[in-house]
Amino acid sequence: MSDQFDPPVGQAQSVAPLLRRVLAPNPSPMTFRGTNTYLLGDRELAVIDPGPASQHHLSAILAAVGPTQKISHIFVTHSHKDHSPLAPALSQATGAPVFAFGPARAGRSEAMRRLAAAGLEDGGEGVDTTFKPDHSVADGTRIATCDWQLEVIHTPGHLGNHICLQWNDCCFTGDHVMGWASSLVSPPDGDLTDFMESCSRLAEKQWKSFFPGHGDVILNPASRLQWLISHRRARESAILDALAQNALTAAELTALIYTDTPKALFLAAERNVLAHLVDLYGKSKVTPRSTLNAASVFTRCDR
């Protein structure tokens with residue numbers, strides 16, 4: 001979460017034994033310093049989250065491969081445009097297959113499928129709709145070489161096809177748990193009900209560290225997860241308190257609740273509020289006055 005995290009772009013830096021990080025050149029209000037691409041291993045390398053479509057980043061990844069090394073596996077935690085688009089080019093350059101939970105819409109919850117079918121559009125987060133892995137990996141799948149073993153943990157919420165990757169007592173958390181801010185959950189691609197369940201699932205294990213898709217290494221995973229859960233519960237309470245006074249839209253709720261949010265992040269905040277409203281609707285705590293969509297006016301069910 002620290003602004004002090006500012007590694008050099010395009011340079012492979014060691015972050016743990018057998019693990020290096022290469023920062024992609026895509027800083028933004030949504031990606032912080034940029035996407036973290038990880039290279040795991042000594043001889044057969046796993047690349048985790050190749051990142052955005054960038055020739056410079058592709059060159060930086062390839063330059064990090066030593067003369068006795070080869071990239072043998074490419075893993076994509078989820079198919080947002082800051083994580084997956086470089087996978088095909090990297091695969092073509094190295095011959096390594098791409099592993100992920102599935103294509104862009106894989107893992108989308110039934111509730112989100114209904115919202116999408118009803119016309120709810122995404123909030124502009126940038127889904128890589130053309131993404132398709134060479135190998136789809138299910139929850140619990142283990143993939144290993146002589147250097148490393150990774151176990152897939154399906155963690156839908158930020159996106160339906162989001163996975164985390166367990167490496168011994170550490171975890172590559174993609175955008176589910178980030179090292180600088182809370183994760184965006186934006187219907188109909190992000191499902192807050194799923195997100196909270198995924199947080200609880202990760203919290204069941206004892207972790208040494210998290211390696212996130214953005215920001216620095218997280219050395220206190222248990223407290224970070226508890227912060228994420230508590231943060232979301234506090235947002236839910238704030239939404240319910242506001243709706244106890246008036247019927248409001250997601251935009252109106254955002255203006256009331258996110259008073260310190262920069263304008264560049266206001267749309268993301270509004271999508272997070274919408275995610276909460278969809279979750280609360282599923283729990284029969286709020287209801288829209290008309291069809292459920294981004295512009296709906298919501299009331300509390302106990303008013």
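Predicted model: local features only at pLDDT ≥ 70, side-chain atom pairs only at ≥ 80, totals over all residues.
Residues are numbered from 1 along each chain as its sequence is written, and side-chain values use heavy atoms, leaving out hydrogens and water.

Q: Why is D189 called buried?
A: Buried means under 20% relative accessible area, exposed means over 50%, and partly exposed is in between (1.4 Å probe, protein chains only). D189 comes in at 7%, so it counts as buried.

Q: What about R105 and D6: which label does R105 get, and which does D6 get?
A: R105 has 38% relative accessibility, so the label is partly exposed. D6 has a relative accessible area of 55%, so D6 is exposed.

Q: What makes D189 and R105 a salt bridge?
A: The rule asks for a side-chain nitrogen of Lys or Arg within 4 Å of a carboxyl oxygen of Asp or Glu. Here the N to O distance is 2.4 Å, so the pair passes. D189 sits in the loop between β11 and α4 and R105 in the loop between β6 (98-100) and α3, so the pair ties together parts 84 residues apart in sequence. (Helices, H or I with at least four residues, and strands, E with at least two, are DSSP runs numbered from the N terminus.)

Q: How do you know that D6 and R33 make a salt bridge too?
A: Their N to O distance is 3.9 Å, and the limit is 4 Å, so this pair also counts.

Q: Why are β11 and β12 said to pair?
A: Two strands pair if DSSP finds at least two bridges between them. Strand β11 (residues 170-174) and β12 have four bridges, in the parallel sense, so they qualify. In this pairing, F172 stands opposite F211 in β12.

Q: What makes the group around I239 a nonpolar core?
A: A nonpolar core is a set of buried Ala, Val, Leu, Ile, Met, Phe, Trp, Tyr and Cys residues joined through side-chain atoms within 4.5 Å. The largest such core has 21 residues, and those with the most contacts inside it include I239, L253 and V273. Helix α7 (266-282) gives the largest share, six residues.

Q: Which residues is V273 in contact with, leaving aside its neighbours within four places in sequence?
A: Contact means heavy atoms within 4.5 Å, and V273 has I239, A250, L253, T254 and Y258 in contact.
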